[in-house]
Amino acid sequence: MLAVYAASQSSDDPLSGLEIGERPEPQPRPGWSIVTLKAAGLNHHDLFSLQGVGLPADRLPMVLGCDGAGLDEHGNEVIVHAVIPSEGWQGDETLDPRRTLLSELHDGTLAQKVAVPTTNLVPKPAGLSWEHAACLSTAWLTAYRMLFTNAGLTPGATVLVQGAGGGVATALVQLGSAAGYRMWVTSRDEEKGKRALEIGADAAFGSGERLPERVDAVMETVGAATWSHSVKSLKPGGTVVISGATSGDAPPKAELTQIFFRQLRVIGSTMGTRLELERLAQFVSHRGIEPVVDTVLPLEQARDGFAKMAAGDLFGKVVFTVS
Ligand SMILES: NC(=O)c1ccc[n+]([C@@H]2O[C@H](COP(=O)([O-])OP(=O)(O)OC[C@H]3O[C@@H](n4cnc5c(N)ncnc54)[C@H](OP(=O)(O)O)[C@@H]3O)[C@@H](O)[C@H]2O)c1
């Protein structure tokens, strides 16, 4: 089958290890389903895998991709949940210390077919397009859990999203504004700030810019480059929810004094559960939310999508169509 896979890894030149070509089809196994993909989404995770972050070299070649939607063996329209718990795990799979994401241990979704545990299939709402359904499993699910499970917010709260252009960031803005939060964003790029206003943000600021007032919560995925600003932007008792560190995980200052003196909460967040993915799909469908898609490409042209992401030249998701 056609697949997009990591053949080797390089921290400086991630695209050098990216291959688009034939890989063996997944084989049936008890308790697992094989999904014939219609569309698959790109995440920063795929770029990190090519850089050797989170994917040990001895597992190569590995088909990349965590996001996907397609048809199961019975013709049901499904969204693939990417968090694979270890055998016998009960409860919240994101808390399983031996969980993996698709493309870390098992081949991922950037392919014509993917195998996943049958319990990882979520029904695709009928009104949701394949391209939009393929955005939900990673960036959107992460945004959903950050906002609705981990931030402790109620409607009317003001939420700052660092780095307006990303897949998680655009999902946060679209979900938060639909839920009645006042959504503020920062971006390195004024144009991306303007586009965030078009999708529901209430105000946009430059990276690191002083805000007109402090906020109830900050959604942090940028990491080192924005950490101090995130901490300083919170009201006393406010919450920073962090799910990523694209610019690195060693900020110049940890801001420990700010954190204890103003009694801030720092909450880590990773992916979400199958139930949260199902709720997210329903929420998006019921509210008519269309995930912002920067670029749609056939899987054969996946390299162009990876290059855009590596250049930071995106507003929203990159989606690959599969035929
Ligand atoms: N924990 C989890 O389960 C989970 C799930 C999904 C994603 N993540 C992580 O979240 C991060 C974002 O993922 P994504 O798929 O949304 O990536 P993406 O689409 O490539 O977005 C990258 C974002 O980072 C911002 N950015 C990058 N470098 C920056 C810098 N030096 N200074 C300021 N802003 C910078 C960009 O904002 P502007 O260009 O607008 O400034 C953009 O919003 C990644 O680190 C990813 O690994 C974690």
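1. Helices (H or I, at least four residues) and strands (E, at least two) here are DSSP runs, numbered from the N terminus. This is a predicted model, where local features need pLDDT of at least 70, side-chain atom pairs count only at pLDDT 80 or more, and totals for chains, interfaces and linings use all residues. Residues are numbered from 1 along each chain as its sequence is written, and side-chain values use heavy atoms, with hydrogens and water left out.

2. Start with Ser86, in the loop between strand 7 (83-84) and strand 8 (100-101). Ser86 is buried at 15% relative accessible area (buried is under 20%, exposed over 50%, partly exposed in between; 1.4 Å probe, protein chains only). Leaving aside residues up to four places away in sequence, Ser86 touches Asp96 and Arg98 (contact means heavy atoms within 4.5 Å).

3. On to the rings: the whole structure gives 5 aromatic pairs. In Tyr144 and Phe148 the centres are 5.0 Å apart and the planes at 80°, so this pair is edge-to-face (Phe, Tyr and Trp rings, the six-membered one for Trp, pair with centres within 6.5 Å; planes under 30 degrees apart are stacked, over 60 edge-to-face, the rest tilted).

4. Both residues belong to helix 3 (residues 136-150), 4 residues apart, or about one turn. Tyr144 is buried at 12% relative accessibility, while Phe148 is partly exposed at 28%. Ring pairs also link Tyr144 and Phe148 with Tyr181 and Phe283 in a cluster.

5. The charged end of Arg29 sits over the Trp32 ring, 3.9 Å from its centre (NZ of Lys or CZ of Arg within 6 Å of the ring centre and within 35 degrees of the ring normal). Lys124 lies over the face of Trp130, 4.8 Å from the ring centre.
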